Amino acid sequence: QVQLVESGGGLVQTGGSLRLSCAASGRTFNTYHMAWFRQAPGKERDFVAAISWNGRSTYYADSVKGRFTISRDNAKNTIYLQMNSLKPEDTAVYYCAAAPSSFSEVVVTTGSNYSYWGQGTQVFVSS
């Protein structure tokens, strides 16, 4: 069993930056691939970024490439999402997720492939 707790959300102006964190419990954290998803009001949950268990491989949604960076610190059981050049369309609740069955693009970009989810952290980008 893995518990995930996100933090770092808040209100920021267009062009600003935020860093989200997701702290995980459990001794097997460093064996899990991890990801960030987001859900804007009235919209479906969308994939944002994923990182392999060892941090060597990543995937990003086209909408965040070049602006967001996913990383992890297995010693701290934590993953991060550095978000730069934020836009109003980045406004959403951001969720971290763990343990897809494999690290192929089609698998990690689909939310139903993840076994564990955090409660989410709100990001609001003002125009």
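Cys96 counts as buried, since its relative accessibility is 0%, where buried means under 20% relative accessible area, exposed over 50% and partly exposed in between (1.4 Å probe, protein chains only). This is a predicted model, in which local features need pLDDT of at least 70 and side-chain atom pairs count only at pLDDT 80 or more, while totals for chains, interfaces and linings use all residues. Residues are numbered from 1 along each chain as its sequence is written, and side-chain values use heavy atoms, with hydrogens and water left out.

**The disulfide**
- Cys96 is joined to Cys22 by a disulfide with an S to S distance of 1.9 Å, the term being used for a pair of cysteine sulfur atoms within 2.5 Å, and by this rule the count is one disulfide.
- The two cysteines lie 74 residues apart in distant parts of the chain, with Cys22 in strand S3 (residues 18–24) and Cys96 in strand S9 (residues 92–98); strands (E, at least two residues) and helices (H or I, at least four) are DSSP runs, numbered from the N terminus.
- The link of Cys22 and Cys96 is right-handed, with 45° about the S-S bond.
- Cys22 is also buried, at 0% relative accessibility.

**Thr121 and its surroundings**
- Thr121 belongs to strand S11 (residues 121–126) and is buried, with a relative accessible area of 10%.
- The side chain of Thr121 reaches the backbone nitrogen of Gly9 at 3.1 Å.
- Once neighbours within four places in sequence are left aside, Thr121 is in contact (heavy atoms within 4.5 Å) with Glu6, Ser7, Gly8, Gly9, Leu20, Ala92, Val93 and Tyr94.

Note on methods. A polar contact is a pair of N or O atoms within 3.5 Å; within protein, one must be able to donate a hydrogen and the other to accept it, and residues adjacent in sequence count only if both atoms are side-chain atoms.
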